[in-house]
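Biologist: I'd like a close look at one spot in this protein, please: a charge sitting on a ring. Walk me through it, then carry on to the surroundings.

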Amino acid sequence: MSMLRVSEKLSNGVSPHGRALVVLDDIAQGEVIISLEGRVVSTVDKYTIQIEEGRHLAPEGNGWALANHSCLPNAAVDFSRFAMIALTHIRPGEEVTFNYLTTEMDMVEPFFCGCGAPHCPGEVAGFRHLSLAQKRALRPHLSAYLARHLGE
Ligand SMILES: [Zn+2]
């Protein structure tokens, strides 16, 4: 990917995770970090965010594609606003992360997360692959689609 479209508070950067979405200016808790502009598609790739079964948002050059996974994220996807929202105050130089397991039923490219968070599943393969306890721990930030699949 070349330079992606970002807002004035963000930049294309690098982090220990590789390419990253990096904050240039303070972002307050609850603030919209970036709108989830893109195109709804039926096919998954490593940059899409799942909206519903068979519906995924493709970034189409928008910078939110650079947001990496974290089990202790500073952002979450809010489909009611179609935006990434800050869960904490994010300071300049920090990268924007969200928990991919709050949106993706199945990861097209599973990977190992060694972050060490108590609830880190290790392999990030998709919501479907989590234990019920792991799923419940994500409840506050789950997409509506995944919340309907909590198995309760
Ligand atoms: Zn982790």
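Which residue lies over the face of F127, and at what distance from the ring centre?

Modeller: It's K135, which lies over the face of F127 at 5.2 Å from the ring centre. The rule here is that a charge sits over a ring if NZ of Lys or CZ of Arg is within 6 Å of the ring centre and within 35 degrees of the ring normal. Before we go on, keep in mind that this is a predicted model, where local features need pLDDT of at least 70 and side-chain atom pairs count only at pLDDT 80 or more, while totals for chains, interfaces and linings use all residues. Residues are numbered from 1 along each chain as its sequence is written, and side-chain values use heavy atoms, with hydrogens and water left out.

Now for rings that meet other rings. A pair of aromatic rings is described by the distance of the centres and the angle of the planes. Rings of Phe, Tyr and Trp (its six-membered ring) pair if their centres lie within 6.5 Å; planes under 30 degrees apart are called stacked, over 60 edge-to-face, and the rest tilted. That rule gives three aromatic pairs. Take F98 and Y100: their ring centres are 5.0 Å apart and their planes stand at 50°, so this pair is tilted. Together with F111, F98 and Y100 make up one aromatic cluster. Both F98 and Y100 are buried (buried means under 20% relative accessible area, exposed over 50%, partly exposed in between, with a 1.4 Å probe and protein chains only).

Next stop, the metal. The zinc ion is held by the SG atoms of C71, C113, C115 and C120, at 2.3 to 2.4 Å (donors are N, O and S atoms within 2.8 Å of the metal, or 3.2 Å for Na, K and Ca; water is not among the atoms, so sites may look incomplete). Along the sequence, these donor residues follow the spacing C-x41-C-x1-C-x4-C. The angles among the four donor atoms run from 105 to 114°, and the site is tetrahedral, a label given to four donors if all angles lie between 85 and 135 degrees.

What about the strands? Strands are DSSP runs (E, at least two residues), numbered from the N terminus, and two of them pair if DSSP finds at least two bridges between them. Three strands build an open antiparallel sheet in the order β3-β9-β8. β3 (32–35) and β8 (75–78) sit at the edges with a single partner strand each, so one side of each has no neighbour in the sheet. Between β3 and β9 (residues 83–86) there are three bridges, and S35 has A83 of β9 as its bridge partner.

Some loops deserve a glance too. F82 belongs to the loop between β8 and β9; its phi is positive, near 50°, although F82 isn't a glycine, and F82 is partly exposed at 31%. Finally, E104 sits in the loop between β10 (97–98) and β11 (111–112) and is buried at 5% relative accessibility. E104 and A125 are 21 residues apart along the chain, with 8.6 Å between their C-alpha atoms.

Terms used: Tetrahedral: all angles 85-135°; square planar, octahedral: opposite > 155°, others 65-115°. Helix = DSSP H or I, 4+ residues; strand = E, 2+ residues; numbered from the N terminus.
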